[in-house]
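Here are a few exercises to work through with the model open in your viewer. Try each task before reading its solution.

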Protein chains: 2
Amino acid sequence: MSILLKNVQLNRVPTDIFIEGKYIKRIGAALPDVADTVIDGTMKAVVPGFINGHGHAAMTLFRGFGDDISLEQWLTEKIWPYEKEWTDEDVFWGVKLACLEMIKSGTTCFNDMYMRFPAVRQAVEEMGLRAVLGATMFDYFQEDTATRYKRETLQTLTAPRSDRISLSIAPHAIYTVSARTLQWAADVAAANDCLLHLHLAETQTEHANSIKNFGLSPVRYLHSLKLLSPRLVLAHCLYIDDDEIRALADHGVKVVHNPNSNLKLGSGHVFKYTEMKAAGITVSIGTDGAASSNNLDMLEAAKTASLLQKGWRNDPTAMPADETLQCITENGADMLRLNTGRIEPGRLADLCLIDLKAPAFTPNFHFVSNLIYAASHGSCVDTLLCDGRILMQNRYVPGEEDILRQAANAAQKLEKVENKK
Amino acid sequence: MSILLKNVQLNRVPTDIFIEGKYIKRIGAALPDVADTVIDGTMKAVVPGFINGHGHAAMTLFRGFGDDISLEQWLTEKIWPYEKEWTDEDVFWGVKLACLEMIKSGTTCFNDMYMRFPAVRQAVEEMGLRAVLGATMFDYFQEDTATRYKRETLQTLTAPRSDRISLSIAPHAIYTVSARTLQWAADVAAANDCLLHLHLAETQTEHANSIKNFGLSPVRYLHSLKLLSPRLVLAHCLYIDDDEIRALADHGVKVVHNPNSNLKLGSGHVFKYTEMKAAGITVSIGTDGAASSNNLDMLEAAKTASLLQKGWRNDPTAMPADETLQCITENGADMLRLNTGRIEPGRLADLCLIDLKAPAFTPNFHFVSNLIYAASHGSCVDTLLCDGRILMQNRYVPGEEDILRQAANAAQKLEKVENKK
């Protein structure tokens, strides 16, 4: 299978891109018109497919179910009691909805943690996206609970999967997983050369409880457990100091910023991007699950990240557009250790074609500024390729009507359960 | 001319809406199918057209021209030297581009201040939107400059205009307009029953200079000049204290929050929405010009406003979705003293049809949450009516290709002038 992108704008210069199998093979002017599929790129720009650094895909089923309430009420009344009700099939359709939404907004790869791994994996396989999947581990400081989740995690390692899907070991957080289970997870990740993916330093409460319960702040606690490593991917990291940033950098830890989720849940608004970048930390951006951020739009997340840096610092030069685009492409790929996120021969063909015939791209002084600050939403994506396959063309994804209907049906269970209470 | 919206969802209930001339006439189930135009509203929701509380439409021409630089450098190197170069025709196409962008993102009405009023007015008339237009006044504390701008302002009062266009008197700010000219503007606004529209308390620098130069904070300075009145519309108001909020409320002053502009220019992130609402101030939301916020998308501005409140307060219950929608509809209409912003018989037919066949509206537990937090972008708008006329249907606006081309041509002047420097 080969695809030729004809006359598409790469860094504002019209060019052709030839894709063979999964890979970008050639980039240049006027490549020969010999390919199984030719896509006209006139008035379209090409960027790497976006990489969603942190989320819980199946939680699209919770979209709009519990907004504008306190974090504790949200978790204990609106999320945890209902999550128990999901079947494999519900989760399957929730993930399909998430994949559809990601495809329609330009995302080709995402880093996920959730329950019911086989259903998640199956949905991602069918939708054609690239993903790093982890089965969330809890133990609530109980030995028997730990045993159950460890078994589930070990099962993920032997499950069949295509090479679009990588695995992570995904303990939930330091307030839901004991030190022993965290260390077990780190050992399994090391033995299998997987990423270790967890939430950290998301709220003031978590920070305060960490000091109260462990005598250490969250990052220092992880450090004391010897969990800091280049394999570690931390979501959030709002409550960390300069010494902790230094420690994360020294150990090659990666950080995912989820600005819309942090704002919406009232977790906080001060993310130290500038300091982390200066220290050499690879920072990527995520949407978090649709239960907290409500959508999975990486361009929106990117704009919020950039504007928030400028806003709380009173500094319009903070996190410029080009760096922000890097966060959702190159940095995401580096964090997930994938050969994608850049448009070069030899890279995986995960590509996004942007429709330039829109007010947001007029005038066109600075394409990346227009993409991040003006378009700032995935609706500008016209065509999406992942792994050398076309997942969306002219904004149409095959089977989308069925996914919307099935996911809506699965989510109705929430209202039924609510009415019984 | 009559239009029937058939089977459209209003507050999640399918209904029909009959429009005659400029007005909504009847709302109800199964209205008779007798109208000049019938629009099928199946799988569409209807909301009031959005109202953009503050902006400078023609500045779409500056989109992406000066990002990620300091506020002073931006104004003195990227905006003011170039604005002098605009001709009437440039401004005309800049405003047409802005109107096109607003139509495509669901805005039916906007509150504008800019130069070259006749060109602005002509573009808005042709595009069919509703607007409150003001000719920006400066005097830089010079008598002769004041005389020139006063003359221009008086000319706007006698210019021909349709009843879709109202006028404001629009002195720029307290640091560019003298006390005498501010008072002259207030007198003219009172005599002609116009709104008085100005920027206030946008930056820390403005606040500090106000105290230095006038011995009073910005709001107290306006109060000392007797400018506070129900006619006064203030954009920004980031740097105000509780007593000043009380004074604005007591005098019926209206406030426009421009969150994306405030963040992007590094002006600040602490807008006291909750306190203003509690005091009884009518708060609306604006995008500001595309030179600072980069787009004119009111749903994006609404989401940022809501999330920012929750974020800096560490309070997820702040500014819930329904209140946020009110800000960009009812509150905008009340502020601009227009019979719109609500869907009721007798109101002007300024309406937005939202396409529900999208991941952002699946599942559909809470339509307004999905609109503000998940769709969060004007691309969900399928059809737009203003003043009882269809401005967009199936996302197509007649003449849009020509507007994009002409506006891009006009903006090219910036690069030409830059190259000469």
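**Exercise 1.** Work out the strand order of the open sheet of eight strands in chain B, and find its edge strands.

*Solution.* Start with the order: S6-S7-S8-S9-S10-S11-S12-S13 of chain B, with parallel pairing. Strands here are DSSP runs of E, at least two residues, and helices runs of H or I, at least four, numbered from the N terminus; two strands pair if DSSP finds at least two bridges between them. Next, the edges: S6 (50-55) and S13 (283-285) of chain B each pair on one side only. From one strand to the next, the twist averages 25°, with axes fitted to C-alpha atoms (for helices, over the stretch in contact) and angles running from 0 to 180 degrees between N-to-C directions.

By the way, this is a predicted model: local features need pLDDT of at least 70, side-chain atom pairs count only at pLDDT 80 or more, and totals for chains, interfaces and linings use all residues. Residues are numbered from 1 along each chain as its sequence is written, while chains are lettered from A and ligands numbered from 1 in the order written.

**Exercise 2.** Which strands of the sheet does helix H11 (298-313) of chain B touch?

*Solution.* H11(B) packs on S6, S7 (107-114), S12 and S13 of chain B. Its direction makes about 125° with that of S13(B).

**Exercise 3.** Which helix of chain A gives the most to the side that touches chain B?

*Solution.* Count contacts (C-beta atoms, placed from the backbone, within 7 Å): 56 residues of chain A meet 55 of chain B. H11(A) gives the most, with seven residues.

Notes. Contact = placed C-beta atoms within 7 Å.
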